[in-house]
Amino acid sequence: MKFKSPPVNSLSLDFITELCISLEKLENNRECRGVIFTSAVPNIFSSGLDITEMCGKSLEHYAEFWRAVQEMWLRLYGSSMVTVAAVNGSSPAGGCLIALSCDYRIMVQNPKFIIGLNEAQLGIVAPFWFKDTFVNTVGHRVAERSLQLGSLHSASEAHKFGLVDELVPEEKLQEKAAAVMAQWLALPDHARQLTKSMMRKAVLDRLVAHREEDVQNFVNFISKESIQKSLRLYMEMLKKKKS
Amino acid sequence: MKFKSPPVNSLSLDFITELCISLEKLENNRECRGVIFTSAVPNIFSSGLDITEMCGKSLEHYAEFWRAVQEMWLRLYGSSMVTVAAVNGSSPAGGCLIALSCDYRIMVQNPKFIIGLNEAQLGIVAPFWFKDTFVNTVGHRVAERSLQLGSLHSASEAHKFGLVDELVPEEKLQEKAAAVMAQWLALPDHARQLTKSMMRKAVLDRLVAHREEDVQNFVNFISKESIQKSLRLYMEMLKKKKS
Amino acid sequence: MKFKSPPVNSLSLDFITELCISLEKLENNRECRGVIFTSAVPNIFSSGLDITEMCGKSLEHYAEFWRAVQEMWLRLYGSSMVTVAAVNGSSPAGGCLIALSCDYRIMVQNPKFIIGLNEAQLGIVAPFWFKDTFVNTVGHRVAERSLQLGSLHSASEAHKFGLVDELVPEEKLQEKAAAVMAQWLALPDHARQLTKSMMRKAVLDRLVAHREEDVQNFVNFISKESIQKSLRLYMEMLKKKKS
């Protein structure tokens, strides 16, 4: 699956909705046993949640958007398919979450590409299930430090503490992703799926049990005037940077 | 304690029952403060659960067998003695569990010796308490990947991510195991035992609380025709390999 | 904040009470956003809980002392300020706990300086919330082994498995601590504080929910004749070592 929503594959409500529908179709298609996620946009895997969906909109819109983000994660992290992230560009915040939710992460070794949950830099807080997914991947201490600092890590650093599993030169990425997929598909589906579910169920169930509460938390938090102000400033900074 | 059940120290019902009785005796013997587990069979520590106990037998037999496996783990992981695994051969599946349940793991550095929870390769699923023991040793991410792939790791790889604590040349194994035992026995028993219990209690209690449920899960799973077929194919493959 | 209670900055009831009052004042002072902890006593950061408070005193005294230790940890681990430990000397037991409770640990690279939760060496057991703090920092396996052996680690070893985040030569310590503090303070307070709380809340809440039970456990344990005897022997050993 190739993300192609220029300029930066930001996760708008439309993008997320389409992603969820595609995932549902593939999940129900018995022919499809695995998915590789990569980007068709140069230098960026995904820039994360689209800030315009969280700024200057109605409370209903925020709630609808957040339910879609939850849905995306529940489908990805709980997928019964083999999921491989072929990270061929920078991947902050929600982009990093997509990679973290896969079974395996391969990243292009390019000193310009960065990855991490940098929400704190924007004055916002990663929700508990971003955190749970992160802790399950890199452990409690690395997650604590990285989340508090909102760190964006180079590919090498991310590899060093296990945020990505493997680094490859750009031209080897697709080949490597295919080889990894073949390795995982060599296992009997049923045993692999039950094992995956055993590893991830506790964290998935936690969001399912608190889903509406989490929507309310998000809506209350994001609609605060102080947060809206931070996001507006951030968007202006991005616009200036672009021009 | 030397495992001696040729050809591969497989964990049959008899073997496990005898192991549990020995452990109980040692546990109740105030003179005995520690046990080193090793193998008297060349090139193999233990090949894991005996597949013949799980194939073509009655439901009652499966239940009896599983209760014995649970008992073995509860005794080993919860032992108040110092337990050291001196792994002098390959140690897949249940053999790996025995090593994981000890306080310290030393493995012979031999490129032919492998260790891991490879259940998924056989089309079966490691139970949650195998998984909990594994996660407590190597962390969530390594466990997730290794369990899903049913990986068997070389001694070097196992050492790299903490599945074993130390590698030694074969001729140094017993000496090293004795030195480690002496180091652990230098601590006051009472404080060491309470500390061990504090670290392992949550995971032990989880099986105790769900023991019969876990037996039923195992019996239902293993008696499925599809699983029985996988196991029969696997046994035939082993027989061919041998001849 | 410089610890200055010669000869070894031991955590007496008076020392802890003063520390708690200082922390409360700083916490309520909106001008103060971060604290660096270091020692004014050469070669020692803090020697940990003062054994004289736990030996030959009344049950009421033990209870009062333990409530103060709990209070200190709750304030440190749950602090909304940025907390940096600039560990410029050895830091066993309770001294290690102070470092573990900070957001970041820098230690002087001196082969004589050691750090760890060595309670088991004294025949006592680190309470569950020392253990939780340790596991959150170094992971389950390292904590299990280190706590059971009551290990005191060299600075290099401590750095290797993440018990400290960074090593520096003695003359660079203050400069480095200030640089780290500046890095953490560059983040918006609100987002950083909420993130910190999300990471640490489960472990903090666990003590809050069992606080009186934990006091009773401590009082019952420490007042046992066998434990009192161990502590008296340990104190005599320390006195001989000194003279």
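Across the interface of chain B and chain C, six residue pairs are in polar contact, both partners having pLDDT 80 or more. A polar contact here is a pair of N or O atoms within 3.5 Å; within protein, one must be able to donate a hydrogen and the other to accept it, and residues adjacent in sequence count only if both atoms are side-chain atoms. Keep in mind that this is a predicted model, where local features need pLDDT of at least 70, side-chain atom pairs count only at pLDDT 80 or more, and totals for chains, interfaces and linings use all residues. Residues are numbered from 1 along each chain as its sequence is written, chains are lettered from A and ligands numbered from 1 in the order in which they are written, and side-chain values use heavy atoms, with hydrogens and water left out.

**Where chain B meets chain C**

- Helices (H or I, at least four residues) and strands (E, at least two) are DSSP runs, numbered from the N terminus.
- H8(B) gives the most to this side, with nine residues.
- Sorted by class, the side of chain B that touches chain C has nine nonpolar, five polar and six charged residues. Ala, Val, Leu, Ile, Met, Phe, Trp, Tyr, Cys and Pro count as nonpolar, Asp, Glu, Lys and Arg as charged, and the others, Gly among them, as polar.
- In total, 20 residues of chain B are in contact (heavy atoms within 4.5 Å) with 21 residues of chain C.
- About 1800 Å² is buried between chain B and chain C, and carbon and sulfur atoms give 62% of that. Buried area is the accessible area (1.4 Å probe) that two parts lose on being put together, summed over both.
- Leu187(B), Met198(B) and Met199(B) supply 34% of the area that chain B buries against chain C, more than any other three residues.
- You'll find three salt bridges between chain B and chain C. A salt bridge is a side-chain nitrogen of Lys or Arg within 4 Å of a carboxyl oxygen of Asp or Glu.
- Glu144(C) and Arg200(B) make a salt bridge, with their closest N and O atoms 2.8 Å apart.

**Where chain A meets chain B**

- Here 20 residues of chain A are in contact with 21 residues of chain B.
- Leu187(A), Met198(A) and Met199(A) supply 34% of the area that chain A buries against chain B, more than any other three residues.
- The salt bridge count between chain A and chain B is three.
- Asp165(A) and Arg141(B) join their side chains in a salt bridge (2.9 Å, N to O).

**Inside chain A**

- Asp103(A) and Arg200(A) form a salt bridge at 3.7 Å, N to O.
- Asp103(A) sits in the loop between helix H3 (93-100) and S8 of chain A and Arg200(A) in helix H8, so the pair ties together parts that are 97 residues apart in sequence.
- Four strands of chain A form an open sheet with mixed pairing, in the order S4-S7-S9-S10. Two strands pair if DSSP finds at least two bridges between them.
- The edge strands, S4 (43-44) and S10 (153-154) of chain A, each pair on one side only.
- Strand S7 (residues 89-92) and strand S9 (residues 114-116) of chain A run parallel as a pair, over two bridges.
- Pro92(A) stands opposite Gly116(A) in S9(A).
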